[in-house]
Amino acid sequence: MDKRGGTGMNKTVIPLQELRTKIYEKAKAEPAWRFWSLYGHVCKAETLSEGYALAKKRDGAPGIDGVSFEAIERAGVERFLEQIRNELVTREYRPLLNRIKEIPKGGGKMRTLSIPAIRDRVVQGALKLILEPIFEADFQDGSYGYRPKRKQHDAIERVSRAIGQQKTKVIDIDLLGFFDNVRHHILFEKVARRVQDPEVMHLLKLMLKASGNKGVPQGGVISPLLSNIYLNEVDRMLERAKEFTRKGKYVRVEYARYADDLVILVDGHTRHEDLLRKVQQRLREELGKLQVEVNEEKSRTVDLATGESFTFLGMVFRRLPNPKTGKWWVNITPSQKKRKQLLSELRQVFRSYISQPIIRVIERINPMLRGWVNYFAIGHASRSFSFIRDWVEKKIRRHLNRARGQHGFGWKVWSRDWLHNELGLFNDYRVRWKRRSTVLPA
């Protein structure tokens, strides 16, 4: 990279992954560096092709233009991407308005999705590929949402480990309509601290304006990266709090954030009660600077030492006593909300396929069960898994009996083994990780 802050790679064609690595290394080595001459890399055929792959991987419905992936591939992907590239190179590209769609959120509430057209998802993906390594160098260890090589399970393990280290005072914060209320001018300022490329900034502005005067589209490919950029200063503040309270390897504050889902854990000893108040105060100050509102109804302070619990990423965390050892351990179970949501989705399938052969039903529900179980199999989910397996088996039996014109569950007709071995009903309800983080008595 040359001394003026650009990538310095215009004369030599560098593979995309190598380019991303070089950008990351430069950003990591020089935190104040501002990058220029990025727009040309966004327009490259390889970047747009990878942007298409990202959009295709996420799949999703067509945007406002009604163009689907199937239609694009029938007409030719290369032709489709070349047209986008020409619009970008000639500066004629303009994103379409996002298609608005509401989906059930649970509890009778709806979530509003802003769905860009596929052509715009491709451009978002291309821009994300170039910007991501810059900001990845700036992101903090406690941030896990939609980042390379970081998973929800990693964040859950981090929280579990913190509880095991006696951080039992928990700030369970809920941000009110975060994605819909991101202030564009604040976001632009944060991006501009690292990007000195007017064409890239203009492209980003076009993308955001397609969803309105504020907010980032929840169906957008680049939205998770932008949300992490927006909240990174909150993470920095919490990292400073960790270092300020450090005593050797032990810190009295820990946190984990996955997109807008944030939880902060503080040492539960009575002598640190003032620390809890100070962290809450600083958190609200940082959120205030971002004009992010706190949902007071859903936000609370939890004391695990008194038997209270909290939910993070669909998991309920508790601290339970071991009567044999006199120590405490961390109990992690699927939340009732997530279980009800799964059952509701399964129930809808059974209703929709009421006249279909049982094999069709099983083909439809097996991926749903596999995905749900794989996610929650890292906790203490045996009881929930047993409940779901029994519930599903009863639904299958009732479906089979209805096809015969009979009522009941056919307990004497079909064995459990027959349902799983002959029909192929999902049956892998193993708990793969059952970590019992111990907490020494205070």
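How many of the six residues of β3 are buried? Five of them are, so β3 is largely enclosed by the rest of the structure; buried means under 20% relative accessible area, exposed over 50%, and partly exposed in between, with a 1.4 Å probe and protein chains only. Helices (H or I, at least four residues) and strands (E, at least two) are DSSP runs, numbered from the N terminus.

The model is predicted, with local features requiring pLDDT of at least 70 and side-chain atom pairs counted only at pLDDT 80 or more, while totals for chains, interfaces and linings use all residues. Residues are numbered from 1 along each chain as its sequence is written, and side-chain values use heavy atoms, with hydrogens and water left out.

With β5, the pairing is antiparallel and extends over six bridges; D172 stands opposite V263 in β5. With β6, β3 also runs antiparallel, joined by four bridges, and V170 has V302 in β6 as its bridge partner.

Helix α11 contributes buried residues, namely L275, L276, V279, L283, E286 and L287. They lie on the same side of α11, because they cover an arc of only 100 degrees around the axis, the arc being that of the directions from the helix axis to the C-beta atoms. The buried residues of α11 pack against β3 (169–174), α10, β4 (253–258), β5 (261–266) and β6 (300–303), where contact means heavy atoms within 4.5 Å. The helix has 17 residues and reaches 25 Å from its first C-alpha to its last, close to the 24 Å expected at 1.5 Å a residue; the expected span is 1.5 Å times one less than the number of residues. After α11 comes Q291, with a positive phi near 60 degrees.

Helix α6 (residues 118–136) is largely enclosed by the rest of the structure, because 19 of its 19 residues are buried. Its 19 residues reach 25 Å from first C-alpha to last, close to the 27 Å expected at 1.5 Å a residue. At I130, α6 bends by about 35 degrees, and the proline P133 follows within four residues. The bend at a residue is the angle between axes fitted to the seven residues ending there and the seven starting there.

The charged side chains complete the picture. The structure holds 27 salt bridges, each a side-chain nitrogen of Lys or Arg within 4 Å of a carboxyl oxygen of Asp or Glu. In helix α11 (residues 273–289), R282 and E285 lie three residues apart, about one turn of the helix. Salt bridges that share partners join R282, E285, E286 and K289 into one network. The closest N and O atoms of R282 and E285 are 2.8 Å apart; R282 is partly exposed at 27% relative accessibility, and E285 is partly exposed at 35%.

A salt bridge also joins E233 and R236, at 3.8 Å from N to O. These residues are separated by about one helical turn, because they are three residues apart in helix α10 (residues 223–244).

R91 and E199 form a further salt bridge, with their closest N and O atoms 2.3 Å apart. This pair links distant parts of the chain, 108 residues apart: R91 is in the loop between α5 (77–89) and β1 (99–106), and E199 is in helix α9 (residues 198–209). R91 counts as partly exposed at 42% relative accessibility, as does E199 at 32%.

Methods: Two strands pair if DSSP finds at least two bridges between them.
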